[in-house]
Amino acid sequence: HKTSTRNQSKHHSGSKGADPRSRYERLWGCSAHTPLHRLLAPLTSTLPGNHGGEKQKTDREESEVACSLTGVKVIFLPFHSCSGWISALVSCSLSVTVFITHTLLLCLLALGSRISPPVIRYHLSQLFENDRHFSHLSNLEKEMAFRTEMGLYYSYYKTIIEAPSFLNGLHMVMNDNLTEYPLVINTLKRFNLYPEVVLASWYRMYTGVMGYFGIPTKMCWSINRGEGLTPVDSCEGMGDPAYFYVACVFLLNGLMMSLFCGYGAYLSGSRLGGIITTLCFFFNHGESTRVMWTPPLRESFAYPFLVLQMLLLTYILRTRNLSRTAMVALGISNLCFMLPWQFAQFVLLTQVASLFASYILGYLAAAKMQSILVTHMITLGVCFILMFGNSMLLTSFYASSLVSIWFCVPVSLPMFASFFLLQVMQGLAWVGSTVLLKFLLSTILGASDDAHISGLIKSKFTSYNDFHTLMYTCAAEFDFMELETPLRYLKTLLLPINVLLYFLCAFLSVLIRSVEHVCLQLVYHSLQLVAFAVLAILIMRLKLFLTPHMCIMASLICSRQLFSWIGEKFKHQVTVVVIMAIMAVQGVANLQAQWAIIGEFSNLPQEELLDWIQDNTRPNAVFAGAMPTMASVKLSTGRPIVNHPHYEDAGLRDRTKLVYSMYSRMSGETVKKNLMKLGVDFFVLEDSWCTRRTRPGCSMPEIWDIEDPQNVGKIPLCTHMSRNSRPHFTTVFSNDIYKVLKVPKVTKDLR
């Protein structure tokens, strides 16, 4: 069980016995440490040079692992009579066999067994619990654990479940005056909040039904935090709003693994391919997803539907006769992917580009290409309506690309023109018309919300920088991919396997071009891999698309169509098992490193800040400050804020720039006027934002030097404010991290 500075003796209604984590032992009938990392212990303990595992056993000893989860007793034979790598290989093969058995079981159970949801989400929920000790946090601490935009999204879920009725809560989020005070905005339109709306409705129904039948839905205890801190109440169970929220996210992503398993099996034509895909995902789990650390982020809800959409697209590309049912299913999955996430359009742009390239190369028929385009267009239109006319959808490169390709597909050159010339002209026509149409629509509709995307792309290829671009590129996740990422791919063999498969697909697609459906799916997935690789190299955060797709592509090592030259089927399967055994050496080490992460969330300075705001300010007091902190202020205190972390709106970016002038070298009087114009009552100053520097040129004063060159060399205003806030502001609260400055009221002259 996890070690913690907290007293783990919780008390229910004044008293309680065992630690609630024992529920896992009661549920599975085995120890809380019996998961796969224990079943795989012989893998690392018997490798040459590894002395950190359990004590080695004699030749006649057997290590038995039994768990009622599978009802199967697994016996490991160390084979110490052999020596060196022979022993390691045998032990490795046995361990991989056990791991494969469990992974395959999870995939099959995910299709509908009653035990599958807790089994599959166990891995994610345990990583999340180990990292934050979430089950022992108070309600306030749970909310603080949702940092930056996570807290902003969760606040609307909280608004709906605490409203007198669901419709009343929905009206509140669609007519919100707290997020960008004094503006009233439709947050459902702006922030892609359909997941929160759905989860809030489910939570209200669940608690309502359970309450009607008198069934308890949560257990609450008093937690002794020690160190002279006051005890806090902590609740656990599906009746707790935060617990319900993260449990649904983990369940959705757990069910996604069944899609992954099926996707790999379908693409490769072998059930072993599904196991390979699942193994690769777990072996590269840290590079494949971050849902276990950041559940409320938009990709946590959207990506499972992208997997479903790509699986359906693969089916459509493989079949000769188009099915209306398949096209409708493709459209619905497309819609479910677009609604929760504002960046889905960029992923779909790469998909459409890959399909168009397949068409240009002559693998995809024009009729099928146009049918897929129509499905995308209809989905985009429906999404535009459901998002209340969000202009970013119509002015996106994705929308322009759909229109451009629609007109490019029927284009044909005279008979004397070469096929290569046709390919080049269609490609250039698509690129040129897409860019032209995008900027034309943006000009006509007066939309500039995605202008920062163009600036971000421009900064990747030139020396261009501005305030908003640096706000992105100075964050590590929006920088270029780090060198360590491909090295980690290399250690688990994911990169070598994909390189081999890519060139093999390119070679065989020429040789077996006559088999249309076979070539098409290989060509499309290879092109999609290249597109995801380009995105990931430019923006490291987008490797969350590259890594899973590499895992899906890895399933093709089980394809008899690609590897029939190896020989008979048995020899091919043995080769695959050997590759899996080699992958498992580093893969299991990666899993063990994740399982070894033990932490506990605590942020006492912010807790003091939020408690002070709750007790000492009016409910309508307006706050400004760093975007992550403002999300916490809105979530936990309900106070109006003027800026927040959702940076995809032109107006919000301008407001944030005014607020962040506190970290510039401007005069105090200028900054005070900026805040007074926004109607701010209190500014939350953080010294770390004044001094933090992720790399040269990325501290807030240095970012401001680009926008405000005339004040370069002066001492930043935030440095003055940390010492003495007068005469421009008044300090009303301070601790080691935060200082709250009271902003003077607007005078008649300023009005």
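Buried means under 20% relative accessible area. By that cut-off, Cys-690 is buried, and so is Cys-718. The model is predicted. It holds three disulfides. With bonded cysteines counted along the chain, the pairing pattern is 1-2, 3-5, 4-6.

**Cys-220 and Cys-235**

- Cys-220 and Cys-235 form a disulfide, with 1.9 Å between their sulfur atoms.
- The pair links distant parts of the chain, 15 residues apart.
- Cys-220 sits in strand S3, residues 219-223.
- Cys-235 sits in strand S4, residues 232-236.
- The S-S torsion of Cys-220 and Cys-235 is about 105°, so this disulfide is right-handed.
- Cys-220 has 28% relative accessibility, so it counts as partly exposed.
- Cys-235 has 7% relative accessibility, so it counts as buried.

**Cys-474 and Cys-698**

- Cys-474 and Cys-698 form a disulfide, with their sulfur atoms 2.1 Å apart.
- This pair links distant parts of the chain, 224 residues apart.
- Cys-474 lies in the loop between helix H22 (467-473) and helix H23 (484-491).
- Cys-698 lies in the loop between helix H33 (687-691) and helix H34 (700-707).
- The torsion about the S-S bond of Cys-474 and Cys-698 is about -80°, so the disulfide is left-handed.
- Cys-474 and Cys-698 are both buried.

**Cys-690 and Cys-718**

- Cys-690 and Cys-718 form a disulfide, and their sulfur atoms are 1.9 Å apart.
- Cys-690 lies in helix H33 and Cys-718 in helix H35 (residues 717-723), so the pair ties together parts that are 28 residues apart in sequence.
- The torsion about the S-S bond is 65°, and the link of Cys-690 and Cys-718 is right-handed.
- Burial covers both ends here: Cys-690 is buried, as is Cys-718.

**Further cysteines**

- Cys-336 counts as partly exposed because its relative accessibility is 28%.
- Cys-383 has a relative accessible area of 1%, so it is buried.

**Recap by handedness**

- The link of Cys-220 and Cys-235 is right-handed, at about 105°.
- The link of Cys-474 and Cys-698 is left-handed, at about -80°.
- The link of Cys-690 and Cys-718 is right-handed, at 65°.

Terms used. Residues are numbered from 1 along each chain as its sequence is written. This is a predicted model: local features need pLDDT of at least 70, side-chain atom pairs count only at pLDDT 80 or more; totals for chains, interfaces and linings use all residues. Side-chain values use heavy atoms; hydrogens and water are left out. A disulfide is a pair of cysteine sulfur atoms within 2.5 Å. Helices (H or I, at least four residues) and strands (E, at least two) are DSSP runs, numbered from the N terminus. Buried means under 20% relative accessible area, exposed over 50%, partly exposed in between (1.4 Å probe, protein chains only).
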